[in-house]
Amino acid sequence: MRRQQVKGKYEALEAAADALLGERRSLDFEEAMAVAELPDEALPSIVALAHQVMLDRCGPGVALESIISAKTGACPEDCTFCSQSAHYKTPIKVHPMLDTETLVEAARDSERLGASHFCIVVAVRGPDDRLLSKVLDAVAAIRAETSIEVACSLGILARDQAFALAEAGVVTYNHNLETARSFFPNICTTHTYEDRVWTCLHVKEAGMDLCSGGILGMGESLTQRVEFAFELRALDPVEVPINFLDPRPGTPLASMPLMQPRDAVRTIALFRLVMPEVLLRYAGGREVVLRELQAYGLVAGINGLIIGNYLTTLGRPPEEDIELLEQLGRPPVDQSVIADRAKLEKAIRNGAENAEPVMEEPTVTEGVVLIEPGKPVRFIPPGVAASARRRAIWGDTSESAQVSLTEGGTAS
Ligand code: SF4
């Protein structure tokens, strides 16, 4: 029956709307492909549905994050899009790991700009003991001197390394799948797709939020873009960063034509429809690829921004992004608000008894009701710092979390 519904070109959109907003179930691959293949004239309708789904599942808030390239270049891997690979002659300015003081200062600046998360990125296959220990020191210093949440992106992780980062207080780990499994051999030969998947699984097992996305416009087909969205969905990430290829001189993809802005918007909308609850973040390449359509991407399902500069390319001034959000009526929110809401939605879908969200639009100043199958309903009061609230929600029984739950005051 469902297959019959997705045959017509606009019926495909109606079927997707029924599934996502009516039945509140996920799209299957055929349904997503049927929407993906609609003609360009249907793009505004696809975007409108993606926007509705985003508001329904995530609310209007946009999470801001800034990133820092803590170690740039000289990476032994051969990813064809990457100017940091030692396999290619690129004009990148290589630098070793930044010292802790510099990282703390950058985290402070990010906090001042309104970012809720600060991500430490290093260009390596994976961290050795020395590098991991430097990162752990930096994480401790940032947590001691700021209240920003720390994220890391250090390449392929062993299981024990993932646990070490989680224990140090890293809340999110970024490890991109980069592209569809069927296209991955075209972009990297020094490690496998499975290497990447395993790291993502270690991150989840260690209790960190998984951030995993990739790069669009590297020569993959429309079907592979949809395949990529489903590969990501299978990992159930909290956050999916979307980069658009901005071809870097000296890399094998240097002469790849830029993705069409309308194709970029279509892909954003498709990702939102395939992963309704995810934090879908604009990452690198949006200025170059989307140009005047950047705001359209925010309507098509984007609810996260990397502000400031990217790893090897310049972003636009953060103030311009903040102004754009104001113009669109999209308030900046703490990332955990979106993540908590997604977990609530999944708990409801997975059959929690009497599970109904009491608050429609939780924000950082409101409380959150948590309903999990088999557990008593819990209320996380307003005014609790994001990190303490996260601990309170997701099982940490530390004293500060319990205090915040029983007293309803601001946790330290
Ligand atoms: S994408 Fe990451 S792993 Fe690949 S070459 Fe660049 S820094 Fe290295």
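Student: Which elements do the buried residues of α5 pack against?

Tutor: They pack against β1 (62–71), β2 (117–122) and α6 (129–145). Contact here means that the C-beta atoms of two residues, placed from the backbone, lie within 7 Å. The helices (H or I, at least four residues) and strands (E, at least two) are DSSP runs, numbered from the N terminus. Do keep in mind that this is a predicted model, where local features need pLDDT of at least 70, side-chain atom pairs count only at pLDDT 80 or more, and totals for chains, interfaces and linings use all residues. Residues are numbered from 1 along each chain as its sequence is written.

Student: Which residues of α5 are buried, and which are exposed on the other side?

Tutor: A residue is buried if 20 or more other C-beta atoms lie within 10 Å of its own, exposed if 12 or fewer, and partly exposed in between, with C-beta atoms placed from the backbone. In α5, the buried ones are L103, A107 and S110. They lie on the same side of α5 because they cover an arc of only 60° around the axis, taking the directions from the helix axis to the C-beta atoms. E101 and R112 are exposed on the other side of α5.

Student: Why would residues three or four places apart point the same way?

Tutor: An α-helix has 3.6 residues a turn, so residues at that spacing point the same way.

Student: What should I look for in a nonpolar core?

Tutor: The general idea is that in soluble globular proteins, nonpolar side chains tend to be buried together. A core here is a set of buried Ala, Val, Leu, Ile, Met, Phe, Trp, Tyr and Cys residues joined through C-beta atoms within 7 Å. The largest one has 105 residues, and V35, I120, V150, C152, L270 and L273 touch the most other members. Helix α10 (residues 261–274) gives the largest share of this core, eight residues.

Student: What is I120 in contact with?

Tutor: Leaving aside neighbours within four places in sequence, I120 contacts I68, A70, L103, V135, A138, V150 and C152.

Student: And where is D78 found?

Tutor: D78 is in the loop between β1 and α5. With 17 other C-beta atoms within 10 Å, D78 is partly exposed. Not counting residues up to four places away in sequence, D78 touches S85, H87, C188, T189 and T190.
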